[in-house]
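Biologist: I would like to learn how to read a model like this one, feature by feature. Could you show it to me and begin with a single residue?

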Amino acid sequence: LEALDKKIPVSEMKLEVGMACPHADKKRAGGNQYIFSIFYEENEHLDFVAPNETVFNIWIDGLSVLVNRKLMSKSTEEDIEMLLNMDLKLHLLDLDNIIIPTHPPTIPPEPSDYDFFYKLE
């Protein structure tokens with residue numbers, strides 16, 4: 001890693017999405033809305049075009065975490081909402097006097113023979 005001569009410090013990185021990107025006008029004609037740019041110096045930037053919304057969301061969410069920016073994808077919102085709902089449901093359960101394990105159970109050993117079936121007669 002130290003041998004790399006062109007590094008972009010995360011603290012100096014700026015993320016632009018959509019029409020704020022320098023290459024937005026070029027790509028808008030093609031109908032691609034999944035564009036983003038990483039600025040690493042005043043006028044230096046890397047421009048990206050994601051092939052679909054899923055890939056775009058993964059890139060934007062990952063880069064947003066690096067630059068300490070709010071996560072903005074719909075899939076991330078849905079994931080956070082699902083986790084919050086699960087947390088709420090767990091808190092609403094009456095779990096007094098129930099011991100919740102801190103470690104997952106051990107995985108049983110694999111069978112010695114996978115040549116088994118159930119025969120209905």
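Modeller: Leaving aside its neighbours within four places in sequence, S64 is in contact with L15, R69, K70 and L71, where contact means heavy atoms within 4.5 Å. This is a predicted model, in which local features need pLDDT of at least 70 and side-chain atom pairs count only at pLDDT 80 or more, while totals for chains, interfaces and linings use all residues. Residues are numbered from 1 along each chain as its sequence is written, and side-chain values use heavy atoms, with hydrogens and water left out.

Biologist: Is S64 buried or exposed?

Modeller: Buried means under 20% relative accessible area, exposed over 50%, and partly exposed in between, with a 1.4 Å probe and protein chains only. S64, which lies in helix α2, has 0% relative accessibility and therefore counts as buried.

Biologist: How many strands form the sheet, and in which order?

Modeller: Strands of a sheet pair through backbone hydrogen bonds, either parallel or antiparallel. Here 3 strands form an open sheet in the order β1-β2-β3, with antiparallel pairing; two strands pair if DSSP finds at least two bridges between them, and helices (H or I, at least four residues) and strands (E, at least two) are DSSP runs, numbered from the N terminus. The edge strands, β1 (14–17) and β3 (45–49), each pair on one side only.

Biologist: Over how many bridges do β2 and β3 pair?

Modeller: Strand β2 (residues 35–39) pairs with β3 over 5 bridges in the antiparallel sense, and the bridge partner of F39 in β3 is H45.
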